[in-house]
Amino acid sequence: MDNTDEAILAALRDDARASLSDLAAALRLSRTTVRARLARLQQNGEILGFTVVTRSDVRADPVRGLMMIEIEGRGTERITRTLAGMAPLRAVHSTNGRWDVIVEIGTKTLEEFDEVLARIRKLDGVVASETSLLLKTRKAGQVAV
């Protein structure tokens, strides 16, 4: 992947609905070059797919946040399994550094959000946590695996 491919990907991240003609004009490339490079990026697996992020995707959970969790001893697997089963958790990530696990939480109200935090903090083996509310989303996307 070279600088031109990176520029094409950046333009698509900005507007995935841009036409080949618009991409070509913005990048000062021929339409044929853009089409060929897009085809190659898809064939090589650099582009796994295209998606749409709608307003309802972001607003489905008006109260969203990240909770960083420190786990005592060897309880990480057990606690991670418990967390993965909690409906308000949109994602559970293992991490390195100070925090063992980071969870993404989404609820309808602050009261529900607070209840989720309390439930997690009461789990046997959770020794510390820190939570940040997400105030505004400037870019959202999904990673295809």
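**Reading the features**

Mentor: R28 lies in the loop between α2 (20-27) and α3. Helices (H or I, at least four residues) and strands (E, at least two) are DSSP runs, numbered from the N terminus. This is a predicted model in which local features need pLDDT of at least 70 and side-chain atom pairs count only at pLDDT 80 or more, while totals for chains, interfaces and linings use all residues. Residues are numbered from 1 along each chain as its sequence is written, and side-chain values use heavy atoms, with hydrogens and water left out.

Trainee: What is the phi of R28?

Mentor: Most residues other than glycine have a negative phi. R28 has a positive value, near 60 degrees, and is not a glycine. The residue is also exposed, at 78% relative accessibility; here buried means under 20% relative accessible area, exposed over 50%, and partly exposed in between (1.4 Å probe, protein chains only).

Trainee: In which sense, parallel or antiparallel, do β2 and β3 pair?

Mentor: Two strands pair if DSSP finds at least two bridges between them. Strand β2 (residues 89-94) and strand β3 (residues 101-107) are antiparallel, with 5 bridges. H93 has I102 of β3 as its bridge partner, and A91 stands opposite E104 in β3. The hairpin has 6 residues between its strands, and G97 there takes a positive phi near 90 degrees.

Trainee: Over how many bridges do β1 and β3 pair?

Mentor: β1 and β3 are joined by 7 bridges, again in the antiparallel sense. M68 is bridged to I102 in β3. As for burial, 5 of the 7 residues of β3 are buried, and the strand is mostly covered.

Trainee: I turn now to charged side chains. How many salt bridges does the count come to?

Mentor: Side chains of opposite charge can pair when their charged atoms come close. The rule used here asks for a side-chain nitrogen of Lys or Arg within 4 Å of a carboxyl oxygen of Asp or Glu, and the count comes to 5. One of them joins D5 and R37, with an N to O distance of 2.8 Å. D5 is in helix α1 (residues 3-14) and R37 in helix α3 (residues 31-43), so this pair ties together parts 32 residues apart in sequence. Both D5 and R37 are buried.

Trainee: With which residue does R40 form a salt bridge?

Mentor: R40 pairs with D5, their closest N and O atoms lying 2.9 Å apart. Here too distant parts of the chain are linked, R40 of helix α3 and D5 of helix α1 being 35 residues apart. R40 is partly exposed, with a relative accessible area of 31%, whereas D5 is buried, at 1%.

Trainee: Which residues of the largest nonpolar core touch the most other members?

Mentor: A nonpolar core is a set of buried Ala, Val, Leu, Ile, Met, Phe, Trp, Tyr and Cys residues joined through side-chain atoms within 4.5 Å. The largest has 17 residues, and M67, I69, L83, L89, V103, I105 and I120 touch the most other members. Two or more residues come from each of β1, α5 (76-84), β3 and α6. Another core, of 9 residues, lies apart from it and has I8, L12, L41 and I47 among its members.

Trainee: What does I105 contact, leaving aside its neighbours within four places in sequence?

Mentor: Contact means heavy atoms within 4.5 Å. On that basis, the contacts of I105 include V63, M67, L89, F113 and I120.

Trainee: Finally, where is D124 found?

Mentor: D124 belongs to the loop between α6 and β4 (126-134). The residue is exposed, with a relative accessible area of 61%. Not counting residues up to four places away in sequence, D124 touches R78 and I79.
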